Amino acid sequence: MSVPARQALREVMADRGSRVVSCAVTYQGAVTVHRGYARVTVRGDGLAEYTDPRPGDAFKLHLPAHAGDAVPVPAYNERGRLVWPVHLTDRPTARCFTVQSFDHARRELSFDALLHPGGATSRWLRGAEAGDILSLTGMRVEFVDAATATEHLLIGDDSSLPAIASIIAAIPERKAVTVLVLSSFSEDEFPALDGASVWRSRSTAQLLEHLDALGPLDSGTQVWIGAEASVVREVRRVLLNDGGIDRDALHASAYWKRGLDWEQTFDESLDRYLAGSAAGLDVGDPGVLQNLAFD
């Protein structure tokens, strides 16, 4: 019998959909935790609404167009588009991150940010000062450990390593975890992923070779994929067509798309969602959303 990861994820998505966290947060600071990553901490009273943290939880952080600008909490129109106050002449930048830790009593959240030279997050952090006001919207559920899963296969790239680390930390020790990562880091630079068997790849072709080398996957395997859109599409195709994995046991997300910034990638995703909804598809089903994105 297939692992019912799709149904488990759907149930949490439905619950989360009625409890969106949208609030102001104050930047507390950032420290380097590994080459290429900064651990950032924000705090805000509105985070009291975040009552059910899960591994891999994702959120949007709205960054200022200019260092030191306060970023208000945005509204959303009936089509899910961001609406900013008319007095903002320069629109804030949205970026998506994964919760690394959350202290509910302190209303304090930390996340690890991958720092691209010249990227929006790197530019923001260079000018950020403690006390700067930002806004946050979340939480998008990315992972639910299905009770019947006996082992996990996590596939990603540098952008999803924070999510992968969060997921590994939450999986019970009795369940084996295998990680395939397409990474630009050298062996000495690669972050430790304790509790998992890790296969590093330098190219998509090598990643697929490693996937093939795993051999037939056990029927109790739950699969999670998070990477650049074209890599996700190819890996997902191989797993579904050749790997014997049932769609119900697999969850896939495009963490970024080559040639597009995050806002453009999000707009594409929202357009697919709205088109699917208009066509009468069940867009509350994560499997349907994956079909729209990758099939």
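Modeller: A salt bridge here is a side-chain nitrogen of Lys or Arg within 4 Å of a carboxyl oxygen of Asp or Glu. Bear in mind that this is a predicted model, where local features need pLDDT of at least 70, side-chain atom pairs count only at pLDDT 80 or more, and totals for chains, interfaces and linings use all residues. Residues are numbered from 1 along each chain as its sequence is written, and side-chain values use heavy atoms, with hydrogens and water left out.

Biologist: OK, how many salt bridges does that rule give?

Modeller: The count comes to 22. One of them pairs the side chains of Asp285 and Arg6, at 2.6 Å from N to O. Arg6 is in helix α1 (residues 5–17) and Asp285 in the loop between α6 (262–278) and α7 (286–294), so the pair ties together parts 279 residues apart in sequence. Helices (H or I, at least four residues) and strands (E, at least two) are DSSP runs, numbered from the N terminus.

Biologist: Is Asp285 buried or exposed?

Modeller: Asp285 counts as buried, because its relative accessibility is 8%. Buried means under 20% relative accessible area, exposed over 50%, and partly exposed in between, with a 1.4 Å probe and protein chains only. Arg6, at 24%, counts as partly exposed.

Biologist: And what does Arg10 pair with?

Modeller: Arg10 meets Asp282 in a salt bridge, again with 2.6 Å from N to O. Arg10 lies in helix α1 and Asp282 in the loop between α6 and α7, so this pair ties together parts that are 272 residues apart in sequence. Arg10 is partly exposed at 27%, and Asp282 is partly exposed at 35%.

Biologist: Where do Arg43 and Glu108 sit?

Modeller: Arg43 is in strand β2 and Glu108 in strand β7 (residues 108–114), 65 residues apart, so to speak of distant parts of the chain being linked. Their salt bridge has its closest N and O atoms 2.3 Å apart. Glu108 is buried at 18% relative accessibility, while Arg43 is partly exposed at 30%.

Biologist: Switching topic: which residues touch the most other members of the largest nonpolar core?

Modeller: Phe59, Leu61, Leu109, Phe111 and Trp124, out of 26 residues in that core. A nonpolar core is a set of buried Ala, Val, Leu, Ile, Met, Phe, Trp, Tyr and Cys residues joined through side-chain atoms within 4.5 Å. The largest share, four residues, comes from β1.

Biologist: What does Trp124 touch?

Modeller: Leaving out residues up to four places away in sequence, Trp124 touches Tyr27, Val40, Leu61, Leu63, Pro64 and Leu134. Contact means heavy atoms within 4.5 Å. Apart from this core lies another, of 25 residues, including Ala146, Leu182, Ile225 and Leu250.
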